Amino acid sequence: MFKNRRNVKISKIYKEMLKAGAANSNNKDWQLWQQHNHPQELFSEKIAEQKLNYIHYNPVKAGLVDHPIEWPYSSAVDYNGRKGLVDIEILR
């Protein structure tokens with residue numbers, strides 16, 4: 001179980017997703033991802049590692065956990081030598 005430093009309830013998160021979805025005409029019900037993302041080519045190992053670290057630190061920046069490996073849905077767990085919830089292929 002992850003430590004929720006902000007004591008954010010799942011129902012509040014769901015309400016925010018519904019609100020974001022209602023505000024965007026591209027959505028039918030709710031929105032999980034930001035619109036208008038811009039894919040970036042991972043042209044080197046350094047860039048791939050940078051993007052992976054960015055993704056791993058999102059729950060930390062959001063205040064949900066203190067360290068990336070504490071977020072149970074993150075591959076950071078796998079990159080630190082343990083088995084996460086989802087089967088992944090480690091980038092090396």
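Analyst: A residue is called buried when its relative accessible area is under 20%, and the model discussed here is a predicted one.

User: Which residues of α2 are called buried, and what do they pack against?

Analyst: The residues of α2 that fall under the 20% cut-off are I47, A48, L52, H56, P59 and V60, and these buried residues pack against α3, residues 76–79. Across the chain of 92 residues, 25% count as buried.

User: Where does α2 bend, and what follows?

Analyst: The bend of about 25° is at I55, and the proline P59 follows within four residues. Just after α2, G63 takes a positive phi of about 80°.

User: Why is D78 said to have no salt bridge?

Analyst: A salt bridge requires a side-chain nitrogen of Lys or Arg within 4 Å of a carboxyl oxygen of Asp or Glu, whereas the nearest side chain of opposite charge to D78, that of K83, is 4.3 Å away; D78, although buried, therefore has no salt bridge.

User: What does the side chain of D78 reach, and what makes that a polar contact?

Analyst: D78, which lies in helix α3, reaches the backbone nitrogen of G84 with its side chain at 3.0 Å, and a polar contact calls for N or O atoms within 3.5 Å, one able to donate a hydrogen and the other to accept it.

Definitions and conventions. Residues numbered from 1 in each chain as written. Predicted model: local features only at pLDDT ≥ 70, side-chain atom pairs only at ≥ 80, totals over all residues. Heavy atoms only, no water. Bend = angle between axes of the 7 residues up to and from the residue. Helix = DSSP H or I, 4+ residues; strand = E, 2+ residues; numbered from the N terminus. Buried < 20%, exposed > 50% of the residue type's maximum accessible area, 1.4 Å probe, protein only. Contact = heavy atoms within 4.5 Å. Lys, Arg positive; Asp, Glu negative; His and termini not counted.
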